[in-house]
Amino acid sequence: MKNINIGIVGLGTVGGGAVQALIEKRKMIEAKTGFSLNLLKVFDKDATKVKSLKLLKSKKAKSVNEVLDNDEIDIVVELIGGVHPAREIILKAIANGKHVVTANKALLAECGNEIFTKALKEGRCVGFEASVCGAIPIIKTLKQSFAANKISALYGIVNGTSNFVLSKMAEDDYSLKKALSEAKKRGIAESDPTVDLEGIDSSHKLAILATLCFGGIIKLKDIYVEGIKQVEAQDIVYARAWGHDVKLLAIAKKHGNSLQLRVHPTLIPLKHLLSNVKYEDNAVFVKGDMIGESMLYGKGAGRMPAASSVLSDIVDIARKVNSLGVESACASDNLWVKKEELNKISQIGDLMSRYYIRISAIDRPGVLAGVSTILAKNGISIANVSQKERKKDQVVPIAMFTHDAKESSMMRALKAIDKLSYIKKKSVRIRMER
Ligand code: HSE
């Protein structure tokens with residue numbers, strides 16, 4: 001039996017869950033793995049969070065340095081989130097000879113290269129399974145199980161909160177505000193939930209996944225990001241009437257040397273498996289030259305799903321260090337730091353897609369003719385039109401599906417449409433995937 005001493009910094013939703021699981025599951029994990037996971041110290045700058053955990057006084061550190069400088073600690077678990085001071089805490093932990101486990105997607109998306117370079121130099125492991133898709137083992141799958149594949153695409157639902165909000169709007173007739181408030185109560189939303197709703201959290205996760213899939217270091221500025229705030233319940237109703245659902249997708253596709261990286265609300269057919277991924281569940285499709293297409297599915301957010309991945313990283317590091325020795329364990333683990341590959345990032349304007357459009361127009365003769373003339377001038381062909389309400393001389397929504405069109409043409413067309421005197425609100429457009 002090998003004793004692994006653990007220090008946890010950050011006792012919020014995931015940190016609290018990790019502490020609880022380490023205590024409650026210690027015996028079971030010992031029996032399964034032969035490692036005894038010993039929670040030695042915890043720290044959070046919010047004393048009420050520390051107090052709520054009812055731990056022995058000796059385990060409660062008075063400062064973060066009491067954890068980082070403790071010679072007995074093998075693995076520091078960073079669960080405070082955000083870039084600073086998490087970056088400094090992790091770099092110091094590595095410098096002090098600790099392995100690190102983190103759920104910090106924002107930090108890895110921004111400073112992953114710096115952290116993994118430091119870890120490689122010091123011969124330490126950094127586990128980050130909990131940073132993407134909660135309980136789903138997508139990181140280990142990409143690093144290990146799919147290692148022999150040339151990946152051509154990865155796409156899916158990677159933010160539980162926005163999926164929860166869209167599901168509640170679609171299934172239970174909730175407003176965005178009410179759905180978000182429930183997501184917060186369930187502990188799935190970020191402390192600033194605009195990060196979830198505006199697609200930023202998904203872009204952090206996509207940066208991590210794309211870095212593992214496509215080589216090179218993917219930068220956040222390479223990812224086109226649009227959130228779900230413009231999506232209204234009526235868009236979901238129109239989409240469903242036409243056999244589609246609306247989901248916030250993170251998409252990475254490689255065509256030759258060109259890499260497309262985007263996060264935005266997307267209409268997908270109701271028969272697509274992603275349509276059935278609801279509430280806080282996440283799912284990711286990976287396309288590889290050997291595996292074909294594979295989908296990983298499960299709980300993407302929440303206390304215990306994320307804590308499960310934290311504990312899995314702890315066990316994983318313990319196993320590797322035990323069997324390979326510290327230096328080799330780290331080298332075998334570190335897929336982040338590698339020669340920059342030449343990925344040409346595609347511009348969003350070059351995207352070819354079908355679109356859903358909703359315009360808000362005064363209900364009078366000639367409106368559709370004016371709108372379709374502008375679309376036609378930009379080479380955009382309409383596949384379907386629906387106007388559910390009839391309110392003569394008042395503003396009504398009109399929804400359309402288009403055939404494949406170029407994004408830059410669509411943007412130009414909508415700009416011109418929104419200038420028409422009878423268009424009374426900014427038009428909404430949502431891209432479609434098949
Ligand atoms: N706020 C995140 C989400 C938590 O909703 O997916 C998990 O990363």
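Start at the interface of domain 2 and domain 3, where 5 salt bridges are found. This is a predicted model.

**The domains.** Colour the chain by its three parts: domain 1 (2-134 + 303-337), domain 2 (138-300) and domain 3 (349-432). The centres of domain 2 and domain 3, taken over C-alpha atoms, are 26 Å apart. Now select the contact itself. Domain 2 gives 19 residues to it, and domain 3 gives 17 residues.

**The interface.** Together, domain 2 and domain 3 bury about 1600 Å². Carbon and sulfur atoms carry 61% of that area. Show Tyr 238, Trp 242 and Leu 267 in domain 2. Next, pick Arg 431 and Glu 226. Their side chains form a salt bridge, 3.2 Å from N to O.

**The cores.** Which residues touch the most other members of the largest nonpolar core? Select Ile 138, Leu 142, Leu 261 and Val 286. The core has 76 residues. Helix H11 (residues 200-214) supplies its largest share, 8 residues. Zoom in on Val 286. Its contacts include Phe 146, Ile 151, Leu 154 and Leu 296. Then move to a second, separate core of 31 residues. Leu 11, Ala 18, Ala 103 and Cys 125 are among its members.

**The cysteines.** How many disulfides does the whole structure hold? The search finds 0. Select Cys 213: the nearest cysteine sulfur belongs to Cys 133, 12 Å away. Is Cys 213 buried or exposed? Cys 213 counts as buried because its relative accessibility is 13%, and buried means under 20%. Finish at Cys 111, also buried at 13% relative accessibility.

Methods. Residues are numbered from 1 along each chain as its sequence is written. This is a predicted model: local features need pLDDT of at least 70, side-chain atom pairs count only at pLDDT 80 or more; totals for chains, interfaces and linings use all residues. Side-chain values use heavy atoms; hydrogens and water are left out. A disulfide is a pair of cysteine sulfur atoms within 2.5 Å. Buried means under 20% relative accessible area, exposed over 50%, partly exposed in between (1.4 Å probe, protein chains only). A nonpolar core is a set of buried Ala, Val, Leu, Ile, Met, Phe, Trp, Tyr and Cys residues joined through side-chain atoms within 4.5 Å. Helices (H or I, at least four residues) and strands (E, at least two) are DSSP runs, numbered from the N terminus. Contact means heavy atoms within 4.5 Å. Domain bounds come from an automatic or database domain assignment. Buried area is the accessible area (1.4 Å probe) that two parts lose on being put together, summed over both. A salt bridge is a side-chain nitrogen of Lys or Arg within 4 Å of a carboxyl oxygen of Asp or Glu. Lists of a residue's contacts leave out its neighbours within four places in sequence.
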